[in-house]
Amino acid sequence: MDVEVRREWSEWYGEKLGLDLDRRKALTKMVLYSTQTLMPDCSFCNRRLPRSPGASDIPIYRRCSCAGATSEWERLESKRTREIRQRSMDEWEKSVLSKAADGGKYPSSSLGADWHGVKRGPAGVAAEREVRSWLESTLSGKEKSWIYIYGPRGTGKTTLAGLIVQGAIRSATDCRYVRWSGLLHDIKAGWADKSPSNPLSELKKTKLLVIDDFGKDAGSEWVATTAFELIDSREQAGLQTVFTSNFAIHGAATRLGQDKAAAIEDRLRGRCKVVELGGESHR
Ligand SMILES: Nc1ncnc2c1ncn2[C@@H]1O[C@H](COP(=O)(O)OP(=O)(O)OP(=O)(O)O)[C@@H](O)[C@H]1O
Ligand SMILES: [Mg+2]
């Protein structure tokens, strides 16, 4: 029996039995996933079915063992299993992302955001589409270019960065999200604590690294050297990297520090697909 007919029929039947709203809802839910029928006759072979023991106020009949009823039962069972798996996956993902957001490892503006979640002009739609298709080919291992997303404030770069992380989590890809200024701060904090581990060493190995607000802070020789070291190691290791910035490559590289600007710019130009996000701020 088709799902819609099943639903209508169970609602009608629930009313006929005088069930209250909650019981009627429970009945409909059960009928959607169960061929344990509420009808005394099999809808495939018309055989009269015995009453199922244990049923309370709702008369339930045993599932028929004919081929039609069996294959219908198998179809519904696998649908139910798929839906339960999807639901627990969604819940798991939500909890992973909100925990990561609390720890600053995921942009909280991306929680609940979706691709194409804000209105953009044709150029913006094309830019967003390019980022999404880059992500798909990266996750399937085909993409070798990095991606550099830049544009004015509030155009959705951080949100896109978060959606990239979300896609990676969904496909179980090892991924890290960092804010450029946060990373510099953490490295310096490690010196003060005399910590033996440097956050850079882990980021040099992560399969997919998302660096948000690249070039935002004021540069120095150390900042430029750090950026070069990270970019160079990831390039050597063939690991995919995402940059978002308020500045085009030349501007960001120059801000990092004059001495390495040309080398960083050269690497990024050679390695990245550049996507410009324009338009109004969505804040
Ligand atoms: N795809 C989207 N779906 C829902 N909301 C979005 C989307 N893109 C952007 N926004 C909203 O627009 C606002 C600005 O987005 P976001 O912080 O990503 O911009 P940004 O380009 O990173 O800005 P900045 O340059 O200041 O860092 C946020 O409030 C965010 O919630
Ligand atoms: Mg941002």
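Strands β2 and β3 (residues 208–212) run parallel and are joined by five bridges. The model that shows this is predicted. Both strands belong to an open sheet of five strands. The points below start with that sheet, then turn to the core, the ligand and some single residues.

**The sheet**
- The strand order is β2-β3-β4-β1-β5, and the pairing is parallel.
- The edges are β2 (175–179) and β5 (272–276), and each of these pairs on one side only.
- From one strand to the next, the twist averages 15°.
- Helix α5 lies across β1 (146–150), β2, β3 and β4 (240–245). The helix runs at about 165° to β3.

- Cysteine 175 has leucine 208 as its bridge partner in β3.
- Arginine 179 has aspartate 212 as its bridge partner in β3.
- Is β2 mostly covered or mostly open? It is mostly covered, with five of its five residues buried.
- In a regular strand, side chains alternate between the two faces of the sheet.
- In β2, Cys175, Tyr177 and Arg179 point one way. Arg176 and Val178 point the other way. All of these residues are buried.

**The nonpolar core**
- The largest nonpolar core has 43 residues.
- Which members touch the most other members? They are Ile149, Ile164 and Val210.
- Helix α5 (residues 157–170) gives the most to this core, with six residues.
- Isoleucine 149 touches Val131, Lys157, Leu160, Phe243, Thr244, Val275 and Leu277. That list leaves out residues up to four places away in sequence.
- In soluble globular proteins, nonpolar side chains tend to be buried together.

**Around ligand 1**
- How many residues surround ligand 1? There are 16, and the closest are Gly117, Gly156, Thr158, Thr159 and His282.
- The shell divides into nine polar, five charged and two nonpolar residues.

**Two residues with positive phi**
- Most residues other than glycine have a negative phi. Two residues here go the other way.
- Asparagine 46 is not a glycine, yet its phi is positive, at about 65°. Asparagine 46 sits in the loop between α2 and α3 (67–102).
- Why does asparagine 46 count as exposed? It has 9 C-beta neighbours inside 10 Å, and a residue with 12 or fewer is exposed.
- Aspartate 213 also has a positive phi, near 60°. Its place is the loop between β3 and α8 (221–237).
- Aspartate 213 counts as buried because it has 20 C-beta neighbours inside 10 Å. The cut-off for buried is 20 or more.

**Arginine 23**
- Arginine 23 is in helix α2 (residues 21–33).
- Arginine 23 has 15 other C-beta atoms within 10 Å, so it is partly exposed. That class lies between the cut-offs for exposed and buried.
- How far apart in space are arginine 23 and arginine 129? They are 46 Å apart, C-alpha to C-alpha. In sequence, 106 residues separate arginine 23 and arginine 129.

How values were computed: Residues numbered from 1 in each chain as written. Chains lettered and ligands numbered in written order. Predicted model: local features only at pLDDT ≥ 70, side-chain atom pairs only at ≥ 80, totals over all residues. Near = placed C-beta within 6 Å. Nonpolar A, V, L, I, M, F, W, Y, C, P; charged D, E, K, R; others polar. Helix = DSSP H or I, 4+ residues; strand = E, 2+ residues; numbered from the N terminus. Core = buried A, V, L, I, M, F, W, Y, C linked by C-beta atoms within 7 Å. Contact = placed C-beta atoms within 7 Å. Pairing = 2+ DSSP bridges. Axes fitted to C-alpha atoms, helices over the stretch in contact; angles between N-to-C directions.
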